[in-house]
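Here is a short briefing to read with the model open beside you.

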Amino acid sequence: MIGFIAKRFINYAILSAIATLSAYVLASIILNPASRYLGRNPAPSTETINSILDGFGTNPNTPVIERLWAWIVNLVAHGSLGNTIHNTSVISEMTARAGTSLRLLILGTIIAAVIGVVLGVWGAVRQYKTSDQVISYASFTVLAMPSFVIGILLMITATTLNNVLGIQLINFTGEYTAGLEGGWWVHFWDRAAHLLLPTISLTLMGAAGYSRYQRSAMLDVLSADYIRTARSKGRTRGSALLRHGVRVALIPMSTYFAYSFATVLAGAAVTELVFSWHGMGEMLMQAIQQSDINAFTGAILFNAILILIAGTLADIVYAALDPRVRV
Amino acid sequence: MSMLDEASVADVTAGTPEVIKSKKPVSRFRLISSRLRSTPRFWVGFIGLAVISLWAIFGLAPNAWNYTDLDVRNMGASPSGLHWFGTSDIGEDIYAQTIVGLRKSLIIGLIVGPLAAIIAGIIGAVAGYIGGWWDRAIVWVIDLLLVLPSLFIFILLSQVLKSKSWVALIFLLSGFGWMIMARVIRAQTKSLRERDFIKAARFMGVDTWTIIRRHVLPNVSSLLIIDATLGIGGAILSETTLSFFGFGIQAPDVSLGTLLSAGQGAAATRPWLFIFPAAILVFTVLSASLVGDALRDAVDPTSGVNRD
């Protein structure tokens, strides 16, 4: 089992590294960091621009391969990802933002996975009953919505609710209330309240996809012979379904989870932007808009590491559930 | 990541024999269409798509306003008999704008879905049939593209495409929409490759490309049709998300995404700017995905992960 997981981990690690490096090359080819200085009045001289860009290691006159090598050497030797165009280090920018994104991502993914699995199993067990139909159509509808539409619809609902109740029950703009006075507890509740709508938004999207997939996997298992065997040896229906059904149906789910995680990341970036959170999603978008190659690569590296972790976790779950890979 | 191959491969040829009273063997096409006709979900989606398409084509005719008209006497008006979906704050008729935006989004979806399916079919079949280093390289590129969230690559590449017309967006979306299906096709091709009829063709000296074109692709065509249908909704979603953030369709073109982006700020105070385009978007994508899902059931009722 250790061998299996180590092999998968190395596979993911290589993929993530190459994804990051390709992102750097792609960004270097497409983005033009000089454009930030060209439109100024009075215009800075070419030498000035060149020396500024050389400082960032993003001068388009240097061949891409040389810049890439310098970037790698800088990362390996100094553990640095370079500077953003605002001359702050990319790492410090990332550490300031990562917590915001991770809070949303971890909560959203876990809740979505749990709800998705439960709904999927429920739908499969009660196939074609009313509750199954409701779950199916609801998840189709959610899957048909872009993530920003879900976010904005939730905001409209919250605003209406606040207006009806006459109090500011749900706060949703930003990550916390600026200038809030009070102790640790007050701040905690404030952040939790701000977290509510983005988490619901991310959870809805995730749970809709997972429940469809889990339902199909579960239906497959339900018709298998070993469920009947488990029943005939005297297990109750619930216990047979849980011990022999859900456990087996979770195996394909773990693969699907690893595969869908990139989509979840994109969805989370959009959700952050809609709720104006200053997270990694915003960093990535801004980096592209401002032609900031170093910041962009940093944000992609963050995503690649998350995919690496999610993929490895999914493989651990896979190995734990499926005894065949443990041999 | 090789586990997915086993997980999502549907055995295309394994249809359960359905009882249709007839002496002649039932053709596959008739079998599928008879299954489709008995699926309520198919009808819901099909009628939805038909209504939306007809509306996109003829919807502008009964409306008094064109999408570029500015009604300066009714700026920011709520829905009324004069402006069915209300007006924006500079007096644009939202109904006319929604139809024009819907047209663009529909065209993009209807082109990108099939185009991505064709790419998936060709690449998947080549990888699965030729095997060896080609196969390894292709699988590797697919894995790479799945690790890099495609939304981020879209946004990056859209910096180049901004100056070009919206047609470039079609190629961008189809260029990154084929990966998952290509994996499935590849796995399917690998098993087809060992079948007798393909072996026979190979031993008779038919060249590789002809075998892929004449024997492999027709055998995975049902998968590709499903993928093309499901891809319509996916493409519309990607397009609207990109346009929403200003990376996709650029002014003066209008799509549902740019409309939603314009209406976003007023979503709470003047909801008609946001709700109508959003509802039509969701309805369109929902219809397309219901049809795709019903097709998937009809083609392969026994397939595991895709079964419904």
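In this predicted model, ring pairs join Tyr210(A), Tyr213(A), Tyr256(A), Phe257(A) and Phe261(A) into a cluster. Over all chains, the structure holds 22 aromatic pairs.

**Aromatic rings**

- One of the 22 aromatic pairs is made by Phe188(A) and Trp189(A), whose centres are 6.1 Å apart.
- The planes of Phe188(A) and Trp189(A) are at 75° to each other, and the pair is edge-to-face.
- Phe188(A) has a relative accessible area of 39%, so this residue counts as partly exposed.

**Arginines over rings**

- Arg41(B) lies over the face of Tyr137(A), 6.0 Å from the ring centre, with the two residues on separate chains.
- Within chain B, Arg193(B) lies over the face of Tyr129(B), at 5.3 Å from the ring centre.

**Where chain B meets chain A**

- The contact draws 48 residues from chain B and 53 residues from chain A.
- Between the two chains the count is one salt bridge.
- That salt bridge links Arg212(A) with Asp293(B), and the closest N and O atoms are 4.0 Å apart.
- Elements giving two or more residues to chain B's side include helix 1 (3-8), helix 3 (40-58), helix 10 (208-244) and helix 12 (272-299) of chain B.
- Helix 12 of chain B gives the most to that side, with ten residues.

Technical notes: Residues are numbered from 1 along each chain as its sequence is written. Chains are lettered from A and ligands numbered from 1 in the order in which they are written. This is a predicted model: local features need pLDDT of at least 70, side-chain atom pairs count only at pLDDT 80 or more; totals for chains, interfaces and linings use all residues. Side-chain values use heavy atoms; hydrogens and water are left out. Rings of Phe, Tyr and Trp (its six-membered ring) pair if their centres lie within 6.5 Å; planes under 30 degrees apart count as stacked, over 60 as edge-to-face and the rest as tilted. Buried means under 20% relative accessible area, exposed over 50%, partly exposed in between (1.4 Å probe, protein chains only). A charge sits over a ring if NZ of Lys or CZ of Arg is within 6 Å of the ring centre and within 35 degrees of the ring normal. Contact means heavy atoms within 4.5 Å. A salt bridge is a side-chain nitrogen of Lys or Arg within 4 Å of a carboxyl oxygen of Asp or Glu. Helices (H or I, at least four residues) and strands (E, at least two) are DSSP runs, numbered from the N terminus.
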